[in-house]
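Visitor: Hi, can you walk me through this one? Please keep it quick.
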Amino acid sequence: MGLKGFFEGGVASIVAGCTTHPMDLIKVRMQLNGEPTAALAHTNPAIQTLRPALAFHTTAAHHIHIPPPPRTGPVSVGLRIVQQDGAAALFSGVSATVLRQTLYSTTRMGLYEIIKNKWSDPNTNNMPLTRKIAAGLIAGGVGAAVGNPADVAMVRMQADGRLPLDQRRNYKSVVDAISQMSKNEGIASLWRGSSLTVNRAMLVTASQLASYDQFKEMILERDLMNDGLGTHVTASFAAGFVAAVASNPVDVIKTRVMNMKVEAGMAAPYSGAMDCAMKTIRAEGPMALYKGFIPTISRQGPFTVVLFVTLEQVRKLFKDF
């Protein structure tokens, strides 16, 4: 029964991940919007000393005018990607998505089912919301630790297209990405931002899986709908919204930390998650933590719907095994 839960969750996660990959790519590009590129920082070293408008300005920074990044929505970002690099560019890093879902989501989905079976009331087969959340936090944390290398590779492959041509990493596949990172930056680089990945995964899994089960139970207990496609879609979309709201700030910081380029002899742009969060808020305001929220919910909603609808169908298929 334990292995079955891992298999079912893994199949559903891979299908959902591949289906919604273009929205995930657009979300990553939007989350990085407003962050100075390495090329810009090298051209104007004083940019690194710039502070927000309400802070005291240095003499060097005072004479430099940097136009704010254009406000762009998910549609315009997607169109620009297609115009610059072709439609296939919307699936940049999809191999990393497959590996990430195989490692991260398979682990979290299977582990959640095991804990759920252990903690559920044997008579009603339900468990309190607090236990659902606890099961999600545990499953998400373990899954994220396992899948972090694929997560770093995916973020970098998705973000590569926004870099100048001479600075692109040009990873051929997720295997090539992991290989180059290990060789050029050390094995530890594969777990860069792992604390953020774990925190985000715990939030997403707890909010997504726990709220799906909770919404589904509420719908069935109140006889609002039968246990069918309508219930699964309604409960999963509500769960996707909850997960997007809870995880977006951590996701923005995670994306920026994982994508940062650390060059030999130079200080890293961010010393850690808290440093990245503070610099982002000071430079771009608190709402910068919700950059990419529209594509996040546009991706998280369909992802969660496809995930749970596929999961329910896979469970029906293998119910006799």
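Guide: We'll look at some helix packing, then a pocket.

Guide: This is a predicted model, so local features need pLDDT of at least 70, side-chain atom pairs count only at pLDDT 80 or more, and totals for chains, interfaces and linings use all residues. Residues are numbered from 1 along each chain as its sequence is written, and side-chain values use heavy atoms, with hydrogens and water left out.

Visitor: At what angle do helix 7 and helix 10 pack?
Guide: About 80°, with the axes 9 Å apart. Helix 7 covers residues 129-159 and helix 10 covers residues 229-259. Helices here are DSSP runs (H or I, at least four residues), numbered from the N terminus. Axes are lines fitted to C-alpha atoms over the stretch in contact, and angles run from 0 to 180 degrees between N-to-C directions.

Visitor: What do you call that arrangement of helix 7 and helix 10?
Guide: Helix 7 and helix 10 are therefore roughly perpendicular. That word covers 65 to 115 degrees; under 35 is roughly parallel, over 145 roughly antiparallel, and the rest oblique.

Visitor: Which residues make the contact?
Guide: From helix 7, they include Asp151, Val152 and Arg156. From helix 10, they include Lys254 and Met258. Contact means heavy atoms within 4.5 Å.

Visitor: And where do the axes of helix 2 and helix 7 come, in distance and angle?
Guide: Within 9 Å, crossing at roughly 75°. Helix 2 is residues 21-32. Leu25, Val28 and Leu32 are among its residues that meet helix 7, where Val155 and Ala159 are among the partners. Ala, Val, Leu, Ile, Met, Phe, Trp, Tyr, Cys and Pro count as nonpolar, Asp, Glu, Lys and Arg as charged, and the others, Gly among them, as polar.

Visitor: How do helix 6 and helix 12 pack?
Guide: At about 60°, with axes 14 Å apart. That makes helix 6 oblique to helix 12. Helix 6 is residues 94-119 and helix 12 is residues 293-317. Glu113 in helix 6 and Arg315 in helix 12 are among the residues in this contact.

Visitor: New topic. Which residues are closest to the centre of the second largest pocket?
Guide: Glu113, Lys116, Asn125, Lys216 and Arg315. The lining has 31 residues in total.

Visitor: Which helix gives the largest share of that lining?
Guide: Helix 6, with seven residues. The lining has nine nonpolar, ten polar and twelve charged residues.

Visitor: What counts as a pocket?
Guide: On a 1 Å grid over the protein atoms alone, a pocket is an open set of points where a 1.4 Å probe fits, with protein on both sides within 12 Å along at least five of seven lines. Lining residues have an atom within 4 Å of a point.

Methods
Helices (H or I, at least four residues) and strands (E, at least two) are DSSP runs, numbered from the N terminus.
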